[in-house]
Every structure is written in C-alpha cells, then in structure tokens.
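Visitor: I am new here and would like a short tour. Could you show me the molecule, please?

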Amino acid sequence: MYAKFASIGAYVPQRKVTNFDLEKIVDTSDEWITKRTGIKTRYFVEDETTSDLAVEAGKIAIKRANLQPSDIDMVIVATITPDYFAMPSTACVVAENLGIKAPAFDISAACTGFIYALSTAKAFIQSGMSKNVLIIGAEALSKIIDFKDRTTCVIFGDGAGAAVISATENKDDAILDIDINADGSYQDYLITPGRGVKYGCETDEIYLQMKGNETFKVAVKTLSQSVRDILERNNMTSDDIEWFIPHQANYRIIDAVARAIKMPSSKSVLTVGKYGNTSSASIPMAINDMFEEGKLKKGDMMLLDAFGGGFTWGSALVPFGGENS
Ligand code: COA
C-alpha cells in the first residue's frame, strides 16, 4: 500500500495586521521588515484558538477529498501553540469538533511539524493501520509572542492548513520520499522557556525567544543540504519539480535554498509576504493558495522543506493528488 496526498485546505483568521500597524507598537519600520524578511502582512486570531483554525482547515480538506468525517481514521495536529499545555491534545479537540471518532494526537516539531505529520501519516498508511489520515498544521503564534520584542513580533502569524493522506495502490500517486531530522544541541536557539515543567511558573520568560541571526545561518546551510540530498537520492533535479513549496520563514532563506538547488524563481512558492511565518501551518497554507489559484494540478511534483525550533528540519517529494474542481 502507498500513501498519497489526496487534498488540501487552509484557514486564516480575519484580523489582518500590516507592518505599519506594528510600527505603532514597537520600534520598527515597514522598510526594515520588508527588506529583512519579505513580510508585509500577517493575520492574528482574536477570540479563536488553535483548534478553531484547525477545524476550519480540516473541514475543507475532508470535503475536497470527497470524504465524510466518518471516513477519517486518524487525526494528527502539528502545533507549538496547543489549546492546552498538557492535555487534552489539540488533535482530540479538533477530532471531536469535526465529528471524527478515531485516534488523535499532536506532534511538536515546530516549523517542521507538517513534514513530521506527513511522514507519520505515510508510515501508518504503509503499515496498513490507517486508510485516511487528516494531518493539520495549526498555530496561534500571536499568543506566544512578546509584542515588546521587535526581533520576533514582526515575523510570526496565525493560521492553519490541512491535508488528507490516503491509501492507494497506484504507485504513480505515492508520496515519493520524506526526510526528517533533528539536532537538540540547538535547543536554546528557538525556545519558550517558561511554558514547560523545567522552569514553569518560576520564570516570567513565557514568550518565544529566538537567536535570529544564528538560526538564519544554520537554516540556510541545513536546508540546502537536505533538499540537495533528497533530490540526489531520487535521481532528480529541479527540472523534475513543478513547485518548490518551502516553509515560509523568510524570503531570504527561501531564495538561498532555491539557488543552492538551481530552482528557478518561477517554481518557488512565496507566501511569507502575505501570512508571515505561521510555523507548522505555512507549507499547507502555501499549497492551498497554489491550489485555489488553479496553479497546482493533479500529478504536479512538489518539493517541500522546513526548518524550525529544536532544531528540526525535513524535506519531502510529494506528487499532488488532489482533484481540481
Ligand atoms: N525592526 C527594526 N530593527 C530591527 C528589528 C525590527 N523588527 N529587529 C531587529 N532589528 C535590528 C537589530 O536590533 C539590529 O540592530 P543593531 O545592528 O543596532 O544591533 C539590526 O536590526 C540587525 O539585526 P540582526 O538580527 O543582525 O538582523 P538580521 O539581518 O539577522 O535579520 C531576522 C533578523 C530575524 C529577520 C533574521 O535573522 C532571520 O530571518 N532569522 C531567521 C529567523 C527565522 O526564520 N526563524 C524561524 C525559523 S523557522
């Protein structure tokens, strides 16, 4: 049995925040943010939680896969902003609100969360344990950002993206390859110190902290190697890829990695300008934009890559298996 990427959906909260809005609350400028990151706008939740965003994205993905909630036999949510600190998992809340009675669990792999979820779904399907797995990357990052810290608050955004991964006997539709990795020696480069049992309530450092410059350098080097490796071991080049859909952290990281694999800019998908860095949601949100714009067609080979806190990173070669309406 093979696993195919059967459908895509996404959801973005209503409240749009521009760089000019941020200029009013921290010492920053539209010019600095645009030049260093490519970000112009992002969306923030108001009353919604991470599970609310995930449910909306999940509904769309299930519908586009021509399935009912009762057909879904596993729910995986990748998030670093779960509704609850320890339990229940966000996936349990999402499954309940979608009317799904099936195993449900969260994955914590920061911005690489969607690729980790994809890899997990693929393994469950190939083992014969699952037939239709709903995977969702969902984040309400505005809830863990310090709006007094200009080095982080300008970068992140909220949103969710979902996909149904289904069993197929057709090898041509199969997810071709996935590579996931981690190196915990970088654990303090991207960290929320005060949200776990280590420091708990004894610290007021409850917000996301980032060593931006160092993270940038490791991200470019590691991702360039990861995408080069996955292409090489599948005897592929950028010519064999229709769409390069990377995690949307920063246009300069995306550009540097694209150059390393000679990916023409016409094939690189850039949504960071619109949504900011939405962590585990950014890849499925970008895939969804391509789908809704009518650019992504059934059978198109997607090269995905992501890098995030941990550090974690990964890449994937995935033919799009969704039907265009
Ligand atoms: N507005 C204006 N100035 C800012 C600023 C902001 N929002 N944030 C930082 N600065 C200032 C710094 O204080 C520094 O000033 P100084 O030179 O007077 O000390 C200057 O800009 C340069 O800071 P630096 O951190 O070296 O900038 P940079 O070119 O590395 O860009 C990032 C900063 C965060 C955009 C960049 O490092 C980055 O994108 N890193 C990767 C982050 C990331 O993607 N994380 C998630 C991974 S999934």
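Guide: Helices (H or I, at least four residues) and strands (E, at least two) are DSSP runs, numbered from the N terminus. Residues are numbered from 1 along each chain as its sequence is written. This is a predicted model, in which local features need pLDDT of at least 70 and side-chain atom pairs count only at pLDDT 80 or more, while totals for chains, interfaces and linings use all residues; side-chain values use heavy atoms, leaving out hydrogens and water.

Visitor: In which strand does A10 lie, and is A10 buried or exposed?

Guide: A10 belongs to strand β1. Buried means under 20% relative accessible area, exposed over 50%, and partly exposed in between, with a 1.4 Å probe and protein chains only. Because its relative accessibility is 14%, A10 counts as buried.

Visitor: How many bridges join β1 to β7?

Guide: Two strands pair if DSSP finds at least two bridges between them. Strand β1 covers residues 2-11 and runs antiparallel to β7. One place to look is S7, which stands opposite V164 in β7. The bridges joining β1 to β7 number nine.

Visitor: Which residue in β7 is the bridge partner of I135?

Guide: Strand β6 (residues 132-140) also pairs with β7, in the antiparallel sense, over nine bridges. In β7, the partner of I135 is A163.

Visitor: How many of the residues of strand β7 are buried?

Guide: Strand β7 spans residues 158-168, which makes 11 residues. The strand is largely enclosed by the rest of the structure, because the buried ones number 10 of the 11.

Visitor: Which residues come nearest to the ligand?

Guide: A residue is near a molecule if one of its heavy atoms lies within 4 Å of it. There are 23 residues around the ligand, and the nearest are T28, R36, R150, G212 and N250.

Visitor: How far is an N or O atom in the side chain of N250 from an oxygen atom of the ligand?

Guide: A polar contact is a pair of N or O atoms within 3.5 Å; within protein, one must be able to donate a hydrogen and the other to accept it, and residues adjacent in sequence count only if both atoms are side-chain atoms. For N213, a polar side-chain atom lies 2.9 Å from an oxygen atom of the ligand. For N250, the distance is 2.6 Å.

Visitor: Which domains give the shell around the ligand at least three residues each?

Guide: Domain bounds come from an automatic or database domain assignment. The shell draws at least three residues from each of domain 1 (2-171) and domain 2 (177-270 + 277-319).
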